[in-house]
Amino acid sequence: MTEYPRWLWAKLNSNYWFYPALFSLLAAGLALGMVWADRNGFAEFLNDVEWIIPARPQGASNMLTVIAGSMIGVASTVFSITIAAVAYASGAYGPRLLTNFMEDKGNQFSLATFIGTFVYALVVLRAVRSEDEVAPTAADAAATTLPGFVPQLSLLVGLGLMAISIGVLVFFLNHIPASIRINTVLEGIGERLLGGIEDTYPRPDTGLPTATPPQGRPILSERTGYVQMISFDALARMAKKFDGRVSLAVRTGDFVHPGMAIADLCDADFGGEKLDDALMDDLRDCFTLGATRTPEQDLQFLIDELVEIGLRALSPGINDPFTAITALHWLGAATALLGTRDLNKHIGNGDDELVGRVIPLPDDFTHYVSRGFGNFRSAAATSTPAALVMLDTLRNCAAPIDDETRQAVLRREGERLIQQAREHLTGPDLEDVEARFVGFNRAMAG
């Protein structure tokens with residue numbers, strides 16, 4: 001499956017164990033390599049450097065012990081701070097943002113650096129031999145001119161790793177409070193959403209309507225979970241094999257269960273062959289299911305995150321319209337970009353014979369506007385600042401869009417907003433929104 005490596009990489013990136021484990025292996029390999037270099041005389045040049053004082057076995061052991069002990073202590077503290085920050089952010093901004101913080105490379109690499117330095121110090125410490133110890137071989141006894149054995153080069157590298165760890169600790173202490181600032185969170189979601197739109201819909205709008213999925217022989221799910229990834233190219237190759245088409249019945253991010261149709265096999269020529277269980281299983285394997293939604297291949301997930309932050313901010317218990325306004329700005333930027341793109345997914349990876357073999361569910365402009373501004377509308381209508389900014393955002397979204405049908409979708413969303421605002425706002429607040437709506441209508445008509 002062509003999407004499996006991408007799915008696996010996304011899973012590894014959303015875990016705290018992957019980079020610490022990787023750095024531990026690299027640190028152990030580095031330590032063994034440096035000890036080997038010391039034993040084979042590659043550290044002799046250090047004797048010519050006057051400002052480097054050779055360490056004695058007792059001092060080297062103490063130094064490596066302090067490095068190892070301090071690093072594991074710092075790693076424990078860093079992990080505790082990270083978990084506390086993640087718990088606060090996911091509780092304040094929404095549980096769906098937990099994935100964003102788990103994927104934060106600053107947190108992952110900080111923890112990995114401390115764990116790697118700890119492993120390096122332990123492995124090098126094992127090689128230190130005091131003066132009263134007997135060397136296991138004559139070659140080991142001759143590896144250094146000092147009594148016992150002190151891997152001088154390995155020790156210098158350990159000191160360098162400790163210095164790097166101190167710098168990483170300072171970075172981490174600045175990164176944690178900066179990463180949970182709401183503007184930083186919204187910026188990360190917004191930029192990822194804009195990048196996902198450009199990757200998913202790389203072509204400019206051509207004015208062609210989105211394809212309507214045909215009906216065929218249903219492919220039923222045998223598992224339960226959210227659709228996390230769909231291997232479109234693999235589906236296209238299988239459809240080509242039987243000279244047919246695969247019409248999808250679900251999108252990435254949809255929840256499926258056994259007996260639910262996930263796709264239809266259309267116009268297939270089996271040459272008298274029966275659609276056996278093996279082929280059906282191969283088709284099902286093109287759909288990766290999981291317990292949670294992920295942002296991979298799922299633009300709606302990122303849109304939902306922006307909407308969720310905005311709805312929480314406008315809830316009576318929080319009442320933070322300025323956070324909601326920032327969410328509206330990023331949602332508007334994404335909607336404007338969607339309005340200028342061809343929303344037909346072109347599947348085939350450059351192979352003309354695969355083009356048209358897979359027909360996704362249509363993700364037209366109305367669908368995305370309803371998912372974003374439509375879900376935001378009920379909360380924005382209760383707040384005068386949010387309602388004013390939402391009308392301005394809808395007007396600004398329409399500016400780069402040439403398609404009159406898509407402009408009409410935005411205008412209709414503004415009309416629905418003012419209808420709900422009339423039910424929740426009164427007095428001067430409603431007058432301000434009404435006046436802004438008049439300007440909105442004038443701009444949209446022009």
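**Confidence first**

Colour the chain by pLDDT. The average over the protein is 85, and 87% of the residues score at least 70. Then select residues 270–274, where pLDDT stays under 50. For this stretch the model has 6 contacts beyond four places in sequence. Where pLDDT is low, the predicted coordinates should not be read in detail.

**Tyr201 and Tyr368**

Next, show the aromatic side chains. Searching the whole structure gives 7 aromatic pairs. Select Tyr201 and Tyr368, which make an edge-to-face pair with 6.3 Å from centre to centre and 80° between the planes. Which parts of the chain does the pair link? Tyr201 is in the loop between helix H8 (182–200) and strand S1 (217–220), while Tyr368 belongs to helix H13 (residues 365–380). These are distant parts of the chain, 167 residues apart.

Are the two residues buried or exposed? Tyr201 has a relative accessibility of 1% and therefore counts as buried. Tyr368, at 6%, is buried because the cut-off for that class is under 20%.

**Tyr226 and Phe255**

Move to Tyr226 and Phe255, another edge-to-face pair, with 5.0 Å between the centres and 70° between the planes. Tyr226 lies in strand S2 (residues 225–230) and Phe255 in strand S4 (residues 255–256), so this pair ties together parts 29 residues apart in sequence. With a relative accessibility of 27%, Tyr226 counts as partly exposed. Phe255 has a value of 42% and is also partly exposed, because that class runs between 20% and 50%.

**The aromatic cluster**

Select Trp17, Phe18, Tyr19, Phe23 and Phe109 together. These residues form one aromatic cluster.

**The cavity**

The largest cavity holds about 40 Å³ of space. To display its lining, select these residues:

- Ser221, Glu222 and Arg223, which are among the lining residues;
- Val256 and Ile262, also part of the lining;
- Arg284, Phe287 and Leu289, which line the cavity as well.

Colour the lining by class to see 4 nonpolar, 1 polar and 3 charged residues.

Definitions and conventions:
Residues numbered from 1 in each chain as written. Heavy atoms only, no water. Phe/Tyr/Trp six-rings, centres within 6.5 Å; stacked < 30°, edge-to-face > 60°. Helix = DSSP H or I, 4+ residues; strand = E, 2+ residues; numbered from the N terminus. Buried < 20%, exposed > 50% of the residue type's maximum accessible area, 1.4 Å probe, protein only. 1 Å grid on protein atoms, 1.4 Å probe; cavity = no way out; pocket = protein on both sides within 12 Å on 5 of 7 lines; lining within 4 Å. Points joined across faces, edges and corners; volume = space filled by probe spheres on them. Nonpolar A, V, L, I, M, F, W, Y, C, P; charged D, E, K, R; others polar. pLDDT = per-residue confidence, 0-100. Contact = heavy atoms within 4.5 Å.
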